[in-house]
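Reader: I'd like to learn how to read a fold like this one by eye. Can we go through it feature by feature?

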Amino acid sequence: ARPGRTPRRQRRFVAWLVRGWAREATWRVARPLVRFVLAQLSRVAPFDGWSAMARHRGGVPGVSAVVLAEESAGEAGDVRRGAAALVPSGDDAPPALVPEGFAVDPASLLVARRALASLLRGRGLARLLLRWAAVGRRPYPRPVAALLSLGWLATALLVLDPACGPDPGERLAAEAAALAGLWSALALAGVGSAALLAARAWQAGRAWEARLARGEVRLWMDGGLTVIGGSAGLPFCLSALLAVARTHPAEARRSWLWRRAVAAPRRDGAAWAATGE
């Protein structure tokens, strides 16, 4: 009761939770877990009346869900703020996604969980990697990118020279060999970099999936709703992905693809709203 008497004492208590208790609970490297605990405390007495706890009630931000009632006209109130956190579990086979603050059909959460597993180490990840390999940008350093651009320019000139220029004559064999060698080197560079980045993304996805299997994602949504069907499957899946990425960021740092994939949701996800499976 004593820490709750004044806002200043409340803030000191919150600071002790973050700096002292979290360290003793061996959560030093898992800051999102501390935010999850603060969100849990902020919703129960006496902390629900503390002004210092007000900003923690939202928890670790996730993607908001557009949940439409049967006769809803699509109002702003249909957007429900969401939060998600990956927490340890003592169960041998913990449920992967656990709802808080709302009720939902377990089958809907199972669909979201399967979609997340597919994205981390299944068909979803394979499709993502193939699409990126076909049209995505490569993270070449600037000098390497400039060198490759010069190489493709030289390739184009070697292709156009016999068609648009004078008869190469005896130079044709040398130009053909140069074109074949240059084209092969550029193709090998592209395929090699894509394979390396894809392998790192696959390893990071497997690591995240393994960590998810040892814990559970607590999904929170305000409003006390009963969600029927898969109307919130996509925000559940995205929020769970963000929860894993926040709690274990080392895998994303080792994978350029995952780092880019979670950068925008981590930065702007709290302002997003999604629906559907």
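Reader: Let's start with β1, β2 and β8: in what order do the strands of this open sheet come?

Author: Quick heads-up before we dig in: this is a predicted model. As for the general idea, strands of a sheet pair through backbone hydrogen bonds, either parallel or antiparallel. Here the order is β2-β1-β8, an open sheet of three strands with mixed pairing. The edges are taken by β2 (79-80) and β8 (273-274), each of which pairs on one side only.

Reader: And in which sense do β1 and β2 pair?

Author: Strand β1 (residues 64-66) runs antiparallel to β2, with two bridges between them.

Reader: How many bridges hold each pairing, and in what sense?

Author: β3 and strand β6 (residues 215-221) pair antiparallel over seven bridges, while β4 and β6 pair in the parallel sense over four bridges. For landmarks, take G82, which stands opposite M221 in β6, and E100, which faces W220 in β6.

Reader: Is β6 mostly covered or open?

Author: In a regular strand the side chains alternate between the two faces of the sheet. In this case, β6 is mostly covered, with six of its seven residues buried.

Reader: On to packing. Which residues have the most contacts inside the largest nonpolar core?

Author: The general idea is that in soluble globular proteins, nonpolar side chains tend to be buried together. The largest nonpolar core here has 40 residues, and those with the most contacts inside it are L97, W208, V217, L219, F236 and W258. The elements giving two or more residues to this core are β3, α3 (106-121), α4, α6, β6, α7 and α9. There's also a second, separate core of eight residues, including V14, L17, V34 and M53.

Reader: What is W258 in contact with, leaving aside its neighbours within four places in sequence?

Author: Quite a list: L119, L120, L125, A201, A204, G205, W208, L241 and A252.

Reader: How many aromatic pairs does a search of the whole structure find?

Author: Eight. Take W132 and W256: their pair is tilted, at 6.5 Å centre to centre and 55° between the planes. W132 lies in helix α4 (residues 123-135) and W256 in helix α9 (residues 256-268), so the pair ties together parts that are 124 residues apart in sequence. Both W132 and W256 are buried.

Reader: And W152 with W183: what geometry does that pair have?

Author: Edge-to-face, with 5.5 Å between the centres and 85° between the planes. W152 sits in helix α5 (residues 142-164) and W183 in helix α6, so this pair ties together parts that are 31 residues apart in sequence. W152 counts as partly exposed because its relative accessibility is 41%. W183 is partly exposed too, with a relative accessible area of 47%.

Reader: Which residues do ring pairs link into a cluster?

Author: Those are F13, W16, F47 and W50.

Reader: One more. How far apart are A178 and A232 in sequence and in space?

Author: They're 54 residues apart in sequence and 56 Å apart in space, C-alpha to C-alpha. A178 lies in helix α6 (residues 171-213). At 39% relative accessibility, A178 counts as partly exposed.

How values were computed:
Residues numbered from 1 in each chain as written. Predicted model: local features only at pLDDT ≥ 70, side-chain atom pairs only at ≥ 80, totals over all residues. Heavy atoms only, no water. Pairing = 2+ DSSP bridges. Buried < 20%, exposed > 50% of the residue type's maximum accessible area, 1.4 Å probe, protein only. Phe/Tyr/Trp six-rings, centres within 6.5 Å; stacked < 30°, edge-to-face > 60°. Core = buried A, V, L, I, M, F, W, Y, C linked by side-chain atoms within 4.5 Å. Contact = heavy atoms within 4.5 Å.
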